[in-house]
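Subject: Structure for you to look at

Hello,

Here is the structure I said I would pass on. Please open it first, then read the notes below.

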Amino acid sequence: MKKSWLHKVLCAGIVAGSMLSANAFAQQSLKMAYALAKDNSHFGAGAVAFDKSITESSQGKFTIEHFGNSALGGEREVIEGLQLGTIDAAILSTGAILNFVPQVGVFDIPFLLRDLDHGRKVLDSQIGQDMLKEFSKRGLVALAWGEQGFRHLTNNKVAVKEPADAKGLKIRTTENPVHIAAFKEIGILPTPMAWPEVQTALQQGTIDGQENPTSVIVAAKLNQQQKFLSLTAHVYAPAVIVISPSVYDSLSAEDKAKFNEAGKKAAQAMRDFVDNIEKTGIQSLKDAGMQVTEDVNREAFSALVKNVYPEYYKRFSKELIDSIAAAK
Ligand code: PAF
């Protein structure tokens, strides 16, 4: 009699204890989406760093399921998934973001950010940090600014050195009106298209080329479809580490801090990857047979794009654009 009473109490204790610890450690696997491969890209490097940081800091309470190579769709669909809560986290280029968070487009203005250092300083400054807060007004939570590098032009028809060489080329652009306005001014025929469609369009010749940073050209092996690379460095390309409010809003303050930290780790890993690929990428593309034009007349491209600046001033404010340009 005594034994069975004790036995019951012990059993109840074990069940209650295990329920408590199950709650405390309820494991949550989060779907993270990004456009390129996990193993050989700046997006993958960022996602792996994010994964490591959050898994370690939460002691396994949160883990990351990787959906690289646009496995959950193009960036527009991923952003919608984050808003709806069907996708938990993502690393995104700014290609499609300004269609959701319009102010972000100011960083997409060609020939505004001079070099990687300038881009990073602006994103780390109050301007960049305030911009992260804009995302929460649009049903998204932006944790940190990552990076892709400077975008260059590739195509299959001609070695582009001067704007006149690029005239009439059918170039895939992101779905980004700020970029599109600049390309039109150069005389390029911009063809906005989601990234997952680009390789097929290049193979089928429905477009002559595309523009992306060295990091993307190398990771996506665009040398297999494109003969000419021109180092136009026409625009700095940030990336952003985003999480769905349906995840973030349910976190404790302590867990939120862990996610913020994981975002910072991801951003740093992307910058480190870009630093390395900027040193080695162009040579590897040359070795793979691409014809690289290094002495692009950037002043001539920039002078044409400056004609679009009045339009950008209207869209974003001259004061903001000038303060970004002046950042040291
Ligand atoms: O060109 C694009 O769409 C983007 O730069 C990238 C990273 C390839 C896809 O997000």
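How much space lies in the largest cavity? About 200 Å³. Please keep in mind that this is a predicted model. Across the whole structure, a search finds four cavities of 30 Å³ or more.

The largest cavity is the space taken by the ligand. Its lining consists of 20 residues, and Glu75, Ser93, Arg172, Thr174 and Trp195 lie nearest the centre. Sorted by class, nine of the lining residues are nonpolar, six are polar and five are charged. Helix 3 (75–84) and strand 4 (141–155) each give at least two residues to this lining.

Now the ligand. The shell around the ligand is made up of Ala35, Phe43, Glu75, Ser93, Gln148, Arg151, Arg172, Thr174, Trp195, Asn212 and Val216. This shell divides into four nonpolar, four polar and three charged residues. On its own the ligand has 280 Å² of accessible area, and the protein covers 98% of that.

The second largest cavity holds about 80 Å³ of space. Among the residues that line this second cavity are Pro110, Leu153, His179, Thr232 and Phe301. Helix 7 (177–186) supplies the largest share of the lining, four residues; strand 8 (228–243) and helix 12 (298–306) each supply at least two. By class, this lining has nine nonpolar, three polar and no charged residues.

Regards

Key. Residues are numbered from 1 along each chain as its sequence is written. This is a predicted model: local features need pLDDT of at least 70, side-chain atom pairs count only at pLDDT 80 or more; totals for chains, interfaces and linings use all residues. Side-chain values use heavy atoms; hydrogens and water are left out. A residue is near a molecule or strand if one of its heavy atoms lies within 4 Å of it. Accessible areas come from the Shrake-Rupley method with a 1.4 Å probe; for residues, only the protein chains shown count as cover. On a 1 Å grid over the protein atoms alone, a cavity is a set of points where a 1.4 Å probe fits but cannot get out, and a pocket is an open set with protein on both sides within 12 Å along at least five of seven lines; lining residues have an atom within 4 Å of a point. A molecule sits in a cavity or pocket if more than half of its atoms lie within 2 Å of its grid points. Ala, Val, Leu, Ile, Met, Phe, Trp, Tyr, Cys and Pro count as nonpolar, Asp, Glu, Lys and Arg as charged, and the others, Gly among them, as polar. Grid points are joined across faces, edges and corners, and a volume is the space filled by probe spheres set on the points.
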